[in-house]
Amino acid sequence: MMNKFRSLLRKWSKLTLLLFLLGTTFSYAMFQGGFVSWFLFYSFLPFVIYALLILLYPLADFHIERVAGDRTLHAGDSLEMRIRIQRKYPVPILYVCVDEQLPRTLDVSSGSKKQSALVFIGFRRELEFSYTLEDLARGEHEFSDIVLRTGDLLGILEKEWTAKTKETVLVLPQTVSLAVQKLKSEYEQGQRTNLYKIRQETAMVSGIRDYEPGDRMVTIDWKSSARGMGLKSKNFEENHSSDSFLMLNGISEYHIFEEMVTFAASLAEAVLEKGMRVGIWARGERQNQLIEVKEGKVHRQRIMYYLARLKAMETGEASYAPPKRSIPEHAALIVITSRLNMSMVQAYTRLTDGKHPLTILFFRKNPLQGVEKSEQDAYLYAANHGVTISVIHDRSQWDVWKERMR
């Protein structure tokens, strides 16, 4: 209430100042007379009239629309944002300053947290301008308010209005090409499966179920579908598993975490492109969700959207792992982390029960840094329990880790 009163007082005090200056020039012209004094008065009069016009004209007459485009964005892409301004009444306004506060989630390379534009509108009812954001960061970015500012030509009277126009831009993680190899050892009772396997489409059919988006054409049961039961898919009893289950530890520094997310997205995409199945669990800020093992384009999109919204955590229990019941049967487990200690390796080892091959991909920030005591203990424990740990320092090693896991 007090702030509103102060704003109103400030506005009327500036108007009073303008009227005082107008009265001063008029009095000077009346008492002094002559061409110069009256010329001064009539020259100042349009400025006062324009200031009164700005004061009386409601900026809420403006309708602002933000158009972000509908193309799919990935980390590192550029975004052209268009701002459309419309209004009902063609009141002459010399200029409008448009300010947009950028979302905090945007890692703007220029360092600017605000985009501003000075628009000379005049009598126009519609206008449009655009700006470009370069090198977008992964994540869900919420654009909210746009502030319009204008004023008189002397800079004495200013007016401001905030337009509520929300827009959400989802930037998917960047992906790189990974050469996923198809290893050919079959699953037998008492043995572990290899990490990647081509599923046998000719496996024994164990039943039928309703069709789900993303099911492959070869799995559709056309006979059951033709009986008017709706579209049905076959359930296979597989002799070996090609399933992969990724677990992403979100307790990490920002830049390392972004590399981990990029790797997870690239690996999931490479596995799905081979016709295999993949699931993912990640622990991040305000997000602890599991995406079950599936395949197909719809499933790929779901994983990418999930990874796009994932945020790193500064602190937390590093040994935290998903519930054992959520681990798919016979799936190969892949842990992606930037922190390594004994408790974490123990927690993930307990998930295997001797049925799942477990690989831990350890993203280290500084390759020159010595191995800490907690990391040494984790290495020894992993070696004694058949767990493979691959250390990754940069992207040149992303295609090497699979060789170490054989």
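Contact here means heavy atoms within 4.5 Å. Helices (H or I, at least four residues) and strands (E, at least two) are DSSP runs, numbered from the N terminus.

The model is predicted: local features need pLDDT of at least 70, side-chain atom pairs count only at pLDDT 80 or more, and totals for chains, interfaces and linings use all residues. Residues are numbered from 1 along each chain as its sequence is written, and side-chain values use heavy atoms, with hydrogens and water left out.

Start with helix α7, residues 373–384. Its 12 residues reach 17 Å from first C-alpha to last, close to the 16 Å expected at 1.5 Å a residue (1.5 Å times one less than the number of residues).

Next, select E375, A378, Y381 and A382, the buried residues of α7 (buried is under 20% relative accessible area, exposed over 50%, partly exposed in between; 1.4 Å probe, protein chains only). Seen down the axis of α7, they fall within an arc of 125°, so they line one face of the helix; the arc is that of the directions from the helix axis to the C-beta atoms. Their cover includes α6 (342–352), β15 and β16 (388–392). On the other side of α7, K373, L380, A383 and N384 are exposed. After α7 comes G386, with a positive phi near 70°.

Now select L248, F263, I303, L307, I336 and F363: they have the most contacts inside the largest nonpolar core, which has 33 residues (a set of buried Ala, Val, Leu, Ile, Met, Phe, Trp, Tyr and Cys residues joined through side-chain atoms within 4.5 Å). Helix α4 gives the most to this core, 12 residues.
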